[in-house]
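Here is a short report for a first look at this protein chain. Keep the structure in view while you read.

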Amino acid sequence: KITFTDNANLLYKKLISSSKKQIDEIINDLKKRKIKKLTQSKSVGNYCRKRYYEDGLIDWRMSSTSIYNLVRALVKPYNGAHFNYRSKEFKLWKVKIVNQIFINAEPGKVVKIINNKPVIKCGDKSIILEKITPNFRFKLNSYLK
């Protein structure tokens, strides 16, 4: 089961645990010759394109939930979601959705600083940048790209 707080790393661990349990069943089925060849019609199959580095670039106009999900999907072992600030690239490893709406702020604006962590206005609500590399102190009212 995948929860709203799971990330890619935790999902890998869940899959490994589940796979370990299934290996014994598969080996037993092989010994008993109970394995059937599965085929799928090409008419119902699909292909996914390769994921590119640019796919991890955060567009602050996205909803806070979309940004939260992008960050969760790209934690290690992946390269991390990223954005630019003052011509420098930053990686996001953990964010938290803030239900506060800043009506007079544009997406990407640092609208608040809480415990040295910037709160960024998104397309709908806001998010706190919980874990970021490299560490940096963002200025209030500045804009991230």
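## Ground rules

Buried means under 20% relative accessible area, exposed means over 50%, and partly exposed lies in between (1.4 Å probe, protein chains only). This is a predicted model, in which local features need pLDDT of at least 70, side-chain atom pairs count only at pLDDT 80 or more, and totals for chains, interfaces and linings use all residues. Residues are numbered from 1 along each chain as its sequence is written, and side-chain values use heavy atoms, with hydrogens and water left out.

Helices (H or I, at least four residues) and strands (E, at least two) are DSSP runs, numbered from the N terminus.

## Two asparagines with positive phi

Asn116 sits in the loop between strand 3 (110-114) and strand 4 (117-121). Its phi is near 65°, a positive value in a residue other than glycine. Asn116 counts as exposed because its relative accessible area is 52%.

Asn141 belongs to the segment after strand 5. Phi of Asn141 is near 70°, again positive in a residue other than glycine. Asn141 is partly exposed, at 46% relative accessibility.

## Cis peptide bonds

The bond from Lys76 to Pro77 is cis, with omega near 25°. Pro77 lies in the loop between helix 2 and strand 1 (81-85).

A cis bond also runs from Thr133 to Pro134, with omega near -10°. Pro134 is in the segment after strand 5 (126-133).

## The largest pocket

A pocket is defined on a 1 Å grid over the protein atoms alone: it is an open set of points where a 1.4 Å probe fits, with protein on both sides within 12 Å along at least five of seven lines, and its lining residues have an atom within 4 Å of a point. Grid points are joined across faces, edges and corners, and the volume is the space filled by probe spheres set on the points.

The largest pocket has a volume of about 260 Å³. Helix 2 (64-73) and strand 2 (88-98) each supply at least two lining residues. Among the lining residues are Tyr68, Arg72, Trp93 and Lys131. By class, the lining has five nonpolar, three polar and four charged residues. Here Ala, Val, Leu, Ile, Met, Phe, Trp, Tyr, Cys and Pro count as nonpolar, Asp, Glu, Lys and Arg as charged, and the others, Gly among them, as polar.

## Salt bridges

Side chains of opposite charge can pair when their charged atoms come close. A salt bridge needs a side-chain nitrogen of Lys or Arg within 4 Å of a carboxyl oxygen of Asp or Glu. By this rule there are four.

In one of them, Lys14 pairs with Asp6, the closest N and O atoms being 2.6 Å apart. Lys14 is partly exposed at 30%, whereas Asp6 is buried at 6%. Another joins Asp59 and Arg61 (2.8 Å, N to O). Asp59 is partly exposed, at 30%, and Arg61 is exposed, at 63%. Lys117 and Glu130 also meet in a salt bridge (3.4 Å, N to O). This pair links distant parts of the chain: Lys117 is in strand 4 and Glu130 in strand 5, 13 residues apart.

## A contact across the chain

Ser63 is found in the loop between helix 1 and helix 2. Which C-alpha separation goes with Ser63 and Gly123? Their C-alpha atoms are separated by 4.8 Å, yet the residues are 60 apart along the chain. Ser63 is partly exposed, with a relative accessible area of 25%.
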